[in-house]
Amino acid sequence: MLRFMNVGYGNSVNGDKVISIVSPEAAPIKRMVQSAKDEGRAVDATCGRKTRAVLVMESGHVVLSALQPETILNRCQGKEIMSSKGDEDE
């Protein structure tokens with residue numbers, strides 16, 4: 001079943017196709033993101049904000065998100081509690 005997961009600022013990905021959710025701080029992840037950008041496999045869903053999480057997809061694409069990895073993981077697991085104003089990281 002197709003299950004979309006919000007990755008911030010109105011952007012969604014197919015949650016069933018996510019392989020991993022990682023922090024962009026490590027050097028290997030930075031190299032992976034740069035390689036994906038060079039090859040046209042990067043999707044920037046940050047809306048101009050700082051990248052705080054990188055989602056690696058089954059297709060080899062990487063999705064850049066401005067939300068914390070923990071926030072995305074909670075959304076993926078269905079544990080998110082929405083505040084009255086919406087996303088706390090946004």
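1. Leucine 55 belongs to strand E5, where strands, at least two residues long, and helices (H or I, at least four residues) are DSSP runs numbered from the N terminus. Leucine 55 is buried, its relative accessible area being 0%; buried stands for under 20%, exposed for over 50% and partly exposed for values in between, with a 1.4 Å probe and protein chains only.

2. The model is predicted, so that local features need pLDDT of at least 70 and side-chain atom pairs count only at pLDDT 80 or more, whereas totals for chains, interfaces and linings use all residues. Residues are numbered from 1 along each chain as its sequence is written, and side-chain values use heavy atoms, with hydrogens and water left out.

3. The chain holds two helices and six strands, and read along the sequence these follow the pattern β-β-β-α-β-β-β-α. Of its 90 residues, 33% count as buried. Among the contacts with a separation of 6 or more, 47% come from residues 24 or more positions apart, a contact being heavy atoms within 4.5 Å.

4. Four strands form an open sheet in the order E3-E5-E6-E4, and the pairing is mixed; two strands pair if DSSP finds at least two bridges between them. Strand E3 (18-22) and strand E4 (42-44) are the edge strands, each pairing on one side only. On average, and with direction ignored, neighbouring strands of this sheet are turned by 20° against each other, where axes are lines fitted to C-alpha atoms, for helices over the stretch in contact, and angles between N-to-C directions run from 0 to 180 degrees.

5. E3 and strand E5 (residues 53-57) run antiparallel and are joined by four bridges, and within E5 the bridge partner of isoleucine 21 is leucine 55. Helix H2 (residues 69-77) packs on the sheet, where it touches E3, E5 and strand E6 (62-65), and the direction of H2 makes about 145° with that of E3.

6. To return to the residue of the opening point, the C-alpha atoms of leucine 55 and valine 18 are separated by 6.6 Å, although these residues are 37 residues apart along the chain. When neighbours within four places in sequence are left aside, the contacts of leucine 55 include Met5, Val7, Val13, Ile21, Val63 and Ile72.

7. Asparagine 14 is part of strand E2 (residues 11-14) and counts as buried, with 15% relative accessibility. A polar atom of its side chain lies 3.0 Å from the backbone nitrogen of aspartate 16. Beyond its neighbours within four places in sequence, asparagine 14 is in contact with Leu2, Arg3, Phe4 and Met57.

8. Tyrosine 9, in the loop between strand E1 (4-8) and E2, has a positive phi of about 55° although it is not a glycine, and it is partly exposed, with a relative accessible area of 21%. Cysteine 47, in the loop between E4 and E5, likewise has a positive phi, near 55°, in a residue other than glycine, and its relative accessible area of 47% makes it partly exposed.

9. The ring of tyrosine 9 has the charged end of arginine 49 sitting over it, 4.0 Å from the ring centre; a charge sits over a ring if NZ of Lys or CZ of Arg is within 6 Å of the ring centre and within 35 degrees of the ring normal.

Conventions. A polar contact is a pair of N or O atoms within 3.5 Å; within protein, one must be able to donate a hydrogen and the other to accept it, and residues adjacent in sequence count only if both atoms are side-chain atoms.
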